[in-house]
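Reader: I am new to this structure. Please take a close look at the surroundings of the ligand.

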Amino acid sequence: MKKDMMQSFELFQPADVGTAVELMDRWGERGWAIAGGYDSLDWFKDRIKTPDAVIDLDGIEELRGIRETGDGIEIGALTTLTELERAPLIREQYALLGDAARHVASPQIRNAATLGGNLCQDTRCWYYRFGLACYRAGGNTCYADTPVAMNREHALFERSRCVAVTPSDTAPALVALDASIVIRSASGEQVVAAEDFFMPESKDITRMTVLDPGDLLTAIRIPGSWSGAGFYFEKVADRNTWDFPLVNVASAMKIDGAGNIEAMRIACAGVQCTPRRLTTVEALVRGRRQDEATAGLAGKAAVEGARPLNFNHFKIPLMENLVKRAVLNAGMSRATTLTSGSRSSGDN
Ligand SMILES: Cc1cc2nc3c(=O)[nH]c(=O)nc-3n(C[C@H](O)[C@H](O)[C@H](O)COP(=O)(O)OP(=O)(O)OC[C@H]3O[C@@H](n4cnc5c(N)ncnc54)[C@H](O)[C@@H]3O)c2cc1C
Ligand code: SF4
């Protein structure tokens, strides 16, 4: 494989959304939108993805920034993860998203990586990233689902042919915040719920989101309904920085006047191809006290139906304990990245 030598392509640098959409429509499958470039450039340098045209979104000012709307906020797709981390509006009202953004990669990467790019990034399955012709790449096998494959990072749920997972830290936070994604194309604008934005592998194994060729993600909307709720984000990775989640958890919780859980939304990444919203846990905790007993039940419910591969059994107790802590600590303003190496599997 030739490394660090990109194949040539036509480069377009539109200054407005209309022109970008027109270019995306014109080039279709042969075109590629680029934002911060942290996922895209790896693919180009390894010559595994070789688009004919690259549409650089960096000059489109209308895709940047965080605005208050009548009901919540709207975040431009080009807003960087550092901007999210630091924005007073996010810190004060939607701290869950700021915490999730702060746990992505490294400060250097967060300075350029965008929220839109973080949501649209491809899976990190080693075999696929190496350019092997697996199912996801249009071939007829899965290299990760064999008795000796390196699959400790792979899926516990909703897996059939492909066992790759979503690596995004911000995606489960947006699912927990009940966000929606705004998509523009030549045929107009559509808005989809964040939890429906990600593509189940059973539906289309070749892509991670519902974006069709020609589609542009323009904004992310978060409703006011979860503003100021009790939040919890935690991520466990092999290294403390510059690393993807093995499992992460994001939750938003409201407590009623009697001290019981009124409502909760909770999602994990790193356990299946899409962020996994834990609706069973949400239903189970409603009306109960926020205590050890409720957290224990929630943790057990979260991992029901998990089907581990040969080397990812550890993800079951890990996910169970993350969910327990999310239920117990939502609202305690604790957000942490724990490295898996710093804890025993019993701790996890
Ligand atoms: C060393 C390293 C460590 C990392 N660690 C983490 C981590 O811990 N957690 C985590 O979540 N991520 C991690 N990442 C991934 C990184 O955060 C994402 O790759 C980055 O956020 C992508 O954003 P970007 O703006 O650079 O996207 P780009 O690379 O520009 O784009 C990514 C994909 O999204 C598409 N895209 C981008 N914007 C749009 C748009 N507006 N409309 C339509 N399509 C669009 C592109 O076509 C491309 O397919 C890591 C990456 C690296 C290199
Ligand atoms: S897990 Fe998916 S991406 Fe990885 S080798 Fe198997 S089919 Fe390919």
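Author: What follows describes the shell around ligand 1. This is a predicted model, in which local features need pLDDT of at least 70 and side-chain atom pairs count only at pLDDT 80 or more, while totals for chains, interfaces and linings use all residues. Residues are numbered from 1 along each chain as its sequence is written, chains are lettered from A and ligands numbered from 1 in the order in which they are written, and side-chain values use heavy atoms, with hydrogens and water left out.

Ligand 1 is surrounded by 32 residues, each with a heavy atom within 4 Å of it. Ala33, Ala35, Gly36, Thr114 and Asp243 are the closest. At least two residues of the shell come from each of strand E2 (31–34), helix H7 (115–120) and strand E8 (216–222); these elements are DSSP runs numbered from the N terminus, helices (H or I) having at least four residues and strands (E) at least two.

By class, the shell has 18 nonpolar, nine polar and five charged residues. Ala, Val, Leu, Ile, Met, Phe, Trp, Tyr, Cys and Pro count as nonpolar, Asp, Glu, Lys and Arg as charged, and the others, Gly among them, as polar.

A backbone N or O atom of Asp243 is 2.5 Å from an oxygen atom of ligand 1. For a polar backbone atom of Asp39 the distance to a ligand oxygen is 2.8 Å, and for a polar side-chain atom of Trp32 it is 3.4 Å. On its own, ligand 1 has 970 Å² of accessible area, of which the protein covers 93%, by the Shrake-Rupley method with a 1.4 Å probe.

Definitions and conventions:
A polar contact is a pair of N or O atoms within 3.5 Å; within protein, one must be able to donate a hydrogen and the other to accept it, and residues adjacent in sequence count only if both atoms are side-chain atoms.
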